[in-house]
Structures are given as C-alpha cells and as structure tokens.
Amino acid sequence: MSRRFFAAGLHLLISAMIGAFAALVVFLIWYPPPYGSIAGGLSLFLLLVSVDVMLGPALTAVAASPGKPRAELRRDLIFIIAVQVSAFSYGMHTIAIARPVYLTFEVDRMRVVTGADIEPDALRDAPPELRKLPWFGPEQIAAVKPTDPDKQLKSIDLGLAGFDLSMIPQNWRAYESQSEVAWSKSRPASLLASRYPNLEAQIKEIAADVGQPISGLRFLPLISRQVSWVALIVPPGARIVGYLPVDGFF
C-alpha cells in the first residue's frame with residue numbers, strides 16, 4: 001500500500017502544482033476578475049481540475065499495485081501521464097478559446113464577447129487595430145449598427161442565427177467614439193439601490209472609491225452567455241468602475 005500512496009501522492013502533488021500555475025494563467029490573464037464568474041471561466045476551470053488533475057493520481061493509485069513489475073508499472077504510468085497531459089492540454093485550449101476578448105457597448109447594454117463567438121475569417125473586416133483578439137483580458141470597445149441597407153439586412157439575418165451585433169467584427173469601433181451614447185443610454189445607480197436595497201452599501205463604496213457621490217454613478221446592463229450583471233460607469237468617458245451581479249433589465 002505504501003507504493004500506491006507514494007506514487008499517487010507524488011502524482012497528485014505534481015498535478016496540483018501544474019493546476020495552480022494554470023489557475024494563475026486563467027484567472028489573472030485570460031479571465032481577470034470578475035470575468036471568471038461573468039464569462040464562465042470558473043466553472044470551466046473547476047471542471048478541468050476535477051476531471052483531469054484528480055483522475056490522473058487516481059489512475060496511478062490503481063496502476064501502482066505492489067506486485068507489479070517495475071517495467072510494467074513504468075509503461076502504465078507513461079500511458080496515464082500521456083493521457084492526462086493530452087486531456088489537460090485540450091481543456092486549457094478550450095478555456096483559452098472561450099476567454100472573454102471584448103466588453104462591447106451595444107445599443108443600450110454591455111456584452112461580453114468571447115474568442116469562441118468570433119469567426120476567424122471575419123476579423124479581416126474589423127478596423128485594423130482590432131484584427132487581433134487580445135490575450136491579456138478583455139478590452140472595451142463598441143459595436144454600431146450598419147448604415148448600409150444590405151448590411152442591415154445581413155445583420156438582421158445574423159442576429160436571428162444567434163450572432164449579435166457585437167459578434168460581427170465589421171461593426172466594431174473604439175469605445176471612445178461611442179462613450180457619449182453609452183452615457184446617454186445608462187440609468188442612475190440610485191435606481192439599482194432602490195431595486196436591490198442590499199446592494200446600496202456596495203454601490204456607495206464604489207462611488208467613494210472613485211470620488212463620486214452615488215448620484216454621479218450610472219449603470220448599464222452587462223450580459224454574457226452565462227449571466228446578466230450590471231456595469232457601473234462614471235464621467236468622463238463613461239468609464240467602467242465596478243460590476244454588480246444583478247439583472248439590469250428592469
């Protein structure tokens with residue numbers, strides 16, 4: 001039994017160290033707070049860790065039977081590690097593809113756009129500075145409705161197919177060009193405090209952190225494929241200063 005415990009324990013330790021390093025990459029670079037919750041990074045990573053990091057050591061415990069010849073044990077461990085590395089690599093690839101790349105102002109809301117939402121060939125239609133998807137956390141941009149009648153009809157068709165305005169690169173613009181529109185579409189944060197009294201203290205804290213009275217804060221609904229939150233914004237430039245996990249459509 002000591003052979004099993006030693007082999008499985010060592011495998012678990014190594015797997016946990018690799019998992020910890022992967023967590024730093026995922027939650028500090030690809031899904032910085034609060035996008036682990038908004039974009040589903042936390043659930044994806046927990047699935048990866050629970051299935052892959054724990055499964056490898058468990059299989060090692062089974063394979064490391066006391067009476068097994070050393071050569072046969074070595075062969076089994078190489079196979080287990082190869083499978084684990086392949087599964088872990090695939091899992092990290094999936095998490096990377098699903099990472100949030102843009103937080104987009106769209107008509108009257110903020111939308112989280114992930115790498116999986118974008119057709120790679122469509123990036124050539126984006127403005128030159130937006131043709132490469134960011135890897136170090138989502139960047140803030142805007143998406144505008146097309147003015148050309150043919151493109152408007154195509155945009156409607158794409159919307160019916162599940163491709164929202166923000167998922168079409170040719171609609172992307174610098175956020176600064178639409179910040180005044182974003183501010184005009186936002187609503188006072190005091191409405192949030194009235195709707196969700198338990199958040200009033202948190203809203204006041206965010207306002208104090210940016211040197212604003214609560215009357216100086218406004219909010220926009222923020223949506224992703226997983227959740228509906230709100231983004232708190234302040235002047236100038238309708239810049240985001242905080243997020244709250246409540247529905248902003250009311």
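Is Y243 buried, exposed or partly exposed? I looked this up first in the predicted model. Y243 has a relative accessibility of 24%, so I put it down as partly exposed.

**Aromatic pairs.** I searched the whole structure and got 6 aromatic pairs. One of them joins Y35 and Y243. The ring centres are 6.1 Å apart and the planes stand at 70 degrees, so I logged the pair as edge-to-face. Y35 belongs to helix α2 and Y243 to strand β8 (residues 239-244), so this pair ties together parts 208 residues apart in sequence. Y35 has a relative accessible area of 6%, so it is buried. I also noted an aromatic cluster formed by Y196, F219 and F250.

**Nonpolar cores.** Next I checked the largest nonpolar core, which has 30 residues. W30, M110 and L222 touch the most other members. Several elements each supply at least two residues, among them α1 (2-30), α4 (70-97) and β6 (218-223). Another core, of 15 residues, lies apart from this one and includes L199, A207, F219 and V246. I then listed contacts of L222, leaving out residues up to four places away in sequence. Among them are I38, M110, W229 and Y243.

**Strands.** I followed β1 to β3 (residues 139-143): they run parallel, with 5 bridges. T104 stands opposite I141 in β3. On to β4 (residues 172-174): β3 pairs with it in the antiparallel sense over 3 bridges. Here I141 stands opposite A174.

**Charges over rings.** Last, I looked at arginines. The charged end of R99 sits over the ring of W135, 3.5 Å from its centre. R218 lies over the face of W183, 5.5 Å from the ring centre.

How values were computed: Residues numbered from 1 in each chain as written. Predicted model: local features only at pLDDT ≥ 70, side-chain atom pairs only at ≥ 80, totals over all residues. Heavy atoms only, no water. Core = buried A, V, L, I, M, F, W, Y, C linked by side-chain atoms within 4.5 Å. Buried < 20%, exposed > 50% of the residue type's maximum accessible area, 1.4 Å probe, protein only. Helix = DSSP H or I, 4+ residues; strand = E, 2+ residues; numbered from the N terminus. Contact = heavy atoms within 4.5 Å. Pairing = 2+ DSSP bridges. Phe/Tyr/Trp six-rings, centres within 6.5 Å; stacked < 30°, edge-to-face > 60°. Lys NZ or Arg CZ within 6 Å of the ring centre and 35° of its normal.
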